[in-house]
Amino acid sequence: MKFVLASASPRRRELLGQILNEFEIIPAESEEKVNISLFPEQTACALAESKCDEVFAANGDKTVIGCDTVVVFNGEILGKPADAADAVKTLKALSGKTHFVITGVCVQNKFKKLIGYDKTEVKFNALSEEFIKNYVAGGSPLDKAGSYGIQDGGVVKEYFGSYTNVVGLPVTLTKKLLDGVCADL
């Protein structure tokens, strides 16, 4: 049985390596389109399913894992920052406050498709202007939903739920979905 991760994220690759010994990386290339009429949980799942479907269409003999992470603050979905100024704005807004991270995961092969999500509550430290400036200048926030990585020191004060969900691939949920899709094989 061959597995494919439909993501170029090095963090997701590392986390999936905790579950699977061998898999290919074939990133989805279509543009992410958010349907604002959906709840954030539905949005994360729809984006994950879209990525999974795209890669599965060209790799139907394999089991494909697609995922997408959204950050929700005050009811609004925060994606990846458009640029450094956008990252600064997002980090200032999240400073000292609580938000949610939701990752949708879709796993499918030619026999079955399963979709689920994980949700983690995250509270930020109060971030100084200087910390934000230096953090953004380092580049880490520029490719992450919500403009931060939980693995980066000094940003997150505490969290309730799955750490790996906030990194970008909820390991426990992904294993459960893989087991469900591959159970009969």
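Residues are called buried when their relative accessible area is under 20%, exposed when it is over 50%, and partly exposed in between, using a 1.4 Å probe and protein chains only. The structure is a predicted model, in which local features need pLDDT of at least 70 and side-chain atom pairs count only at pLDDT 80 or more, while totals for chains, interfaces and linings use all residues. Residues are numbered from 1 along each chain as its sequence is written, and side-chain values use heavy atoms, with hydrogens and water left out.

**Overall architecture**

- The chain holds six helices and seven strands, where helices (H or I, at least four residues) and strands (E, at least two) are DSSP runs numbered from the N terminus.
- In sequence order these elements give the pattern β-α-β-α-β-β-α-β-β-α-β-α-α, and the radius of gyration of 16 Å is close to the 16 Å that the globule rule gives for 185 residues, so the chain is as compact as a globular protein of that length; the radius is taken over C-alpha atoms, and the rule is 2.2 Å times the number of residues to the power 0.38.
- Along the principal axes, the C-alpha atoms fill a box of roughly 55 × 35 × 25 Å, and 48% of the 185 residues are buried.
- Of the contacts with a separation of 6 or more, 69% are between residues 24 or more positions apart, a contact being heavy atoms within 4.5 Å.

**Helix α3**

- In helix α3 (residues 84-94) the buried residues are Ala87, Thr90, Leu91 and Leu94; they lie on the same side of α3, because they cover an arc of only 95 degrees around the axis, the arc being that of the directions from the helix axis to the C-beta atoms.
- Ala85 and Lys89 are exposed on the other side of α3, whereas the cover over its buried residues includes β3, β4 (76-78), β5, β6 (113-124) and α4 (129-137).
- At the start of α3, a side-chain oxygen of Asp83 comes to within 3.2 Å of the backbone nitrogen of Ala85, and just after the helix Gly96 has a positive phi of about 75 degrees.

**Buried polar side chains**

- Thr103, in strand β5 (residues 98-108), is buried at 0% relative accessibility, and its side chain forms a polar contact of 2.8 Å with that of Asn165; a polar contact is a pair of N or O atoms within 3.5 Å, where within protein one must be able to donate a hydrogen and the other to accept it, and residues adjacent in sequence count only if both atoms are side-chain atoms.
- Lys51, in helix α2 (residues 40-58), is buried with a relative accessible area of 14%, and its side chain makes a polar contact of 2.6 Å with the side chain of Asp68.

**Cysteines**

- The whole structure contains zero disulfides, a disulfide being a pair of cysteine sulfur atoms within 2.5 Å; for Cys52, the nearest cysteine sulfur is that of Cys106, 3.7 Å away.
- Cys52 counts as buried at 0% relative accessibility, and Cys106 likewise counts as buried at 0%.
- Cys67, in strand β3 (residues 63-73), is also buried at 0% relative accessibility, and beyond four places in sequence its contacts include Lys51 and Thr103.
- The C-alpha atoms of Cys67 and Ala44 are 7.8 Å apart, although 23 residues separate them along the chain.
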